[in-house]
Amino acid sequence: MDKNIIVTGASRGIGYQTALELAQQKHTVIAIARSTERLEKLAAERTEGTIIPLPADLTSQEDIKNIEQQLATMDGIHGLINNAGAVQRKAFMDTDMEDWQKLVDINLYAIVSLTQAIKPHMPAGSHIVNISSMSGFQGSSKFPGLSVYGASKAAVIGLSEVLSTEFAEDDIAVNCLCLGAVQTEMLEEAFPGFEAPVSAQQIGQYVANFVLSSHHFYNGKVLPVALNNPE
């Protein structure tokens, strides 16, 4: 069955490649990001399936309501990949509350708002995949300067575990992928010159296949996706 799947942060990196892979498998992708231009480029690149560009700022409640209204006419949402996120590398003592608010808004509260809006449109058997990071995974090696990022991503892990129990009664699975270093623009911004062991395309293919089938085997799982311990 062809599925309707939302991918946030779809304008670049992992989200972009995930959307392309899902479309290649002939599904309908609702691609959400702030950049209209990049979303249009994404839609033009696909050769199979359907990609619907939906520009939105997920920290805006008005945009969240607009997303819900536009999706109300669709025949259900079968997958939600909460991939949108931001990173900041700054020493803890140099961060202020504005830094904390900005990243928590994007990395956590946006997931909360969108999931609350979309969940009523998800039929039984649907799958929510939250993208976290090894920076928030307990026991992994940590890097200085990622206190805000790591804390917000750890919160995504906790949220995912709780939602998996709450949504189980509606037969909606919730899993969380903690990604290690992936070669993306975001990684380059935080760690200039660092070469990650895997590409955005490789991880995009993994995430696409995960949302399509892994809920038959997992629910409430927090899975590290990394070739080594550090993020």
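## A threonine inside helix 4

Thr115 is buried, at 4% relative accessible area (buried is under 20%, exposed over 50% and partly exposed in between, with a 1.4 Å probe and protein chains only). You'll find Thr115 in helix 4, residues 97-118 (helices are DSSP runs of H or I with at least four residues, numbered from the N terminus). A polar atom of the Thr115 side chain lies 2.7 Å from the backbone oxygen of Ile111.

A word on the model: it is predicted, so local features need pLDDT of at least 70 and side-chain atom pairs pLDDT 80 or more, while totals for chains, interfaces and linings use all residues. Residues are numbered from 1 along each chain as its sequence is written, and side-chain values use heavy atoms, with hydrogens and water left out.

## Rings that pair up

A pair of aromatic rings is described by the distance of the centres and the angle of the planes. Here, rings of Phe, Tyr and Trp (its six-membered ring) pair if their centres lie within 6.5 Å; planes under 30 degrees apart are stacked, over 60 edge-to-face and the rest tilted. By this rule there are three aromatic pairs. One of them is Phe92 with Trp100, edge-to-face at 6.5 Å centre to centre and 85° between the planes. Trp100 is partly exposed, at 21% relative accessibility.

Phe210 and Tyr218 make a stacked pair, with 6.2 Å centre to centre and 15° between the planes. Phe210 is buried at 3%, whereas Tyr218 is partly exposed at 35%. Together with Tyr206, Phe210 and Tyr218 form one aromatic cluster.

## A charge over a ring

Lys119 has its charged end over the ring of Phe167, 4.9 Å from the ring centre. To count, NZ of Lys or CZ of Arg must be within 6 Å of the centre and within 35 degrees of the ring normal.

## The second largest pocket

The second largest pocket has a volume of about 170 Å³. Helix 1 (13-24) and helix 7 (200-213) are the elements that each give two or more residues to its lining. Helix 1 has the largest share, five residues. Among the lining residues are Gln17, Leu20, Glu45, Arg46, Gln201 and Gln205. By type, the lining has two nonpolar, five polar and four charged residues (Ala, Val, Leu, Ile, Met, Phe, Trp, Tyr, Cys and Pro are nonpolar, Asp, Glu, Lys and Arg charged, and the others, Gly among them, polar).

On a 1 Å grid over the protein atoms alone, a pocket is an open set of points with protein on both sides within 12 Å along at least five of seven lines, and lining residues have an atom within 4 Å of a point. The volume is the space filled by probe spheres set on the points, which are joined across faces, edges and corners.

Technical notes:
On a 1 Å grid over the protein atoms alone, a cavity is a set of points where a 1.4 Å probe fits but cannot get out, and a pocket is an open set with protein on both sides within 12 Å along at least five of seven lines; lining residues have an atom within 4 Å of a point. A polar contact is a pair of N or O atoms within 3.5 Å; within protein, one must be able to donate a hydrogen and the other to accept it, and residues adjacent in sequence count only if both atoms are side-chain atoms.
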